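Student: I would like to learn how to read a structure like this one. Where do we begin?

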Amino acid sequence: MTTNMVRESAKIYEFPVRDLARLNAMRERQTPKPVIYESGSASWYHEEAIREAERTPKQ
């Protein structure tokens, strides 16, 4: 009777994507989207001042 049992781990295979539109959609989902600041009120100057204060280096 065998006392030494060796088990192989599972192998993961990546299936190829053959549809170009699907491949482009996958790539687009993985790329980070830029943040768009949109002001829906009249306080755009206040929001801009906050962003400017965040950009200035702290002393």
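Tutor: We begin with a definition: a salt bridge is a side-chain nitrogen of Lys or Arg within 4 Å of a carboxyl oxygen of Asp or Glu. In this model, which is predicted, Glu48, Arg51 and Arg55 are linked in a network of such bridges.

Student: How many salt bridges does the structure hold?

Tutor: The count is 2. In one of them, the side chain of Glu48 meets that of Arg51, with N and O 3.2 Å apart. Glu48 also forms a salt bridge with Arg55, where the closest N and O atoms are 3.2 Å apart. The side chains of Arg55 and Glu48 make a polar contact as well, at 3.2 Å.

Student: Where do Arg51 and Glu48 lie?

Tutor: Both are in helix α2, which covers residues 44–55. They are 3 residues apart, or about one turn of the helix. Arg55 has its place in helix α2 too.

Student: What helices and strands are there in the protein?

Tutor: The protein has 2 helices and 0 strands.

Student: Why does Arg55 count as exposed?

Tutor: Arg55 counts as exposed because its relative accessibility is 56%. Glu48, with a relative accessible area of 32%, is partly exposed.

Student: What percentage of the residues in the protein is buried?

Tutor: Buried residues make up 2% of the 59 residues.

Student: What does the accessible surface of the protein come to?

Tutor: The accessible surface is about 6900 Å². Carbon and sulfur atoms account for 56% of that surface.

Key: Residues numbered from 1 in each chain as written. Predicted model: local features only at pLDDT ≥ 70, side-chain atom pairs only at ≥ 80, totals over all residues. Heavy atoms only, no water. Helix = DSSP H or I, 4+ residues; strand = E, 2+ residues; numbered from the N terminus. Buried < 20%, exposed > 50% of the residue type's maximum accessible area, 1.4 Å probe, protein only. Areas by Shrake-Rupley, 256 points an atom, 1.4 Å probe, with all protein chains shown as cover. Polar contact = N/O pair within 3.5 Å; in protein donor to acceptor, adjacent residues only side chain to side chain.
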